[in-house]
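Visitor: Could you walk me through this one? I'd like to go over the contacts between its parts.

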Amino acid sequence: MANLIACDLVTPESLVFSGEAVLVSAPAGEGDIGMMQMCSPLMSTLRRGVIRITGEDNNVVTFAVDGGYLEVDGQKVIILASRAVDVTQIDKEFCKENIAKNEKRIAELEEESPAKAYAVGEIAWENYLLTLN
């Protein structure tokens with residue numbers, strides 16, 4: 001039996017993934033990191049990128065995340081992401097529609113509007129998702 005580490009990926013909306021893994025890789029604030037059972041304790045910020053969770057059967061599940069935090073204690077990895085999407089579930093047409101909707105919204109808003117900054121962030125996220133899958 002492989003040495004497994006528990007892994008939870010959580011967003012404000014839901015528990016996205018919970019299971020055991022041989023290896024969890026994540027886009028930490030200072031660079032990509034990999035975590036296995038008995039690794040050193042660590043806390044880190046996350047940047048936009050892809051979480052890869054390799055199971056005991058070498059099956060890999062991937063999630064795009066848009067920042068957050070990560071904690072590992074050698075027995076469990078807890079990933080708190082601002083948002084996470086299963087890479088295999090990305091709908092490119094939906095992303096393109098959201099980009100168009102937000103571009104239209106930006107054109108209608110005042111320059112210093114917080115809603116404009118939010119729409120710009122949404123466009124960046126959707127464009128990032130289009131680069132995956």
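**Domain contacts**

Guide: Glu122 and Arg83 join their side chains in a salt bridge, at 3.0 Å from N to O. The term stands for a side-chain nitrogen of Lys or Arg within 4 Å of a carboxyl oxygen of Asp or Glu. This is a predicted model, where local features need pLDDT of at least 70 and side-chain atom pairs pLDDT 80 or more, while totals for chains, interfaces and linings use all residues. Residues are numbered from 1 along each chain as its sequence is written, and side-chain values use heavy atoms, without hydrogens and water.

Visitor: How is the chain divided?

Guide: Into domain 1 (5-87) and domain 2 (91-131), with bounds from an automatic or database domain assignment. Their centres, taken over C-alpha atoms, are 26 Å apart.

Visitor: How many salt bridges cross the interface of domain 1 and domain 2?

Guide: The rule finds 1.

Visitor: And what area is buried between domain 1 and domain 2?

Guide: About 570 Å², 64% of it from carbon and sulfur atoms. That is accessible area (1.4 Å probe) lost when the two parts are put together, summed over both. On the domain 1 side, Arg48, Ala64 and Arg83 lose the most area to domain 2, together 73% of what that side buries.

Visitor: Changing topic, is Glu126 buried or exposed?

Guide: Glu126 is buried, meaning under 20% relative accessible area (1.4 Å probe, protein chains only). Glu126 has no salt bridge, and the nearest side chain of opposite charge, Arg83, is 5.7 Å away.

Visitor: What does Glu126 touch?

Guide: Cys95, Asn98 and Ile99, leaving aside residues up to four places away in sequence; contact means heavy atoms within 4.5 Å.

Methods:
Buried < 20%, exposed > 50% of the residue type's maximum accessible area, 1.4 Å probe, protein only. Lys, Arg positive; Asp, Glu negative; His and termini not counted.
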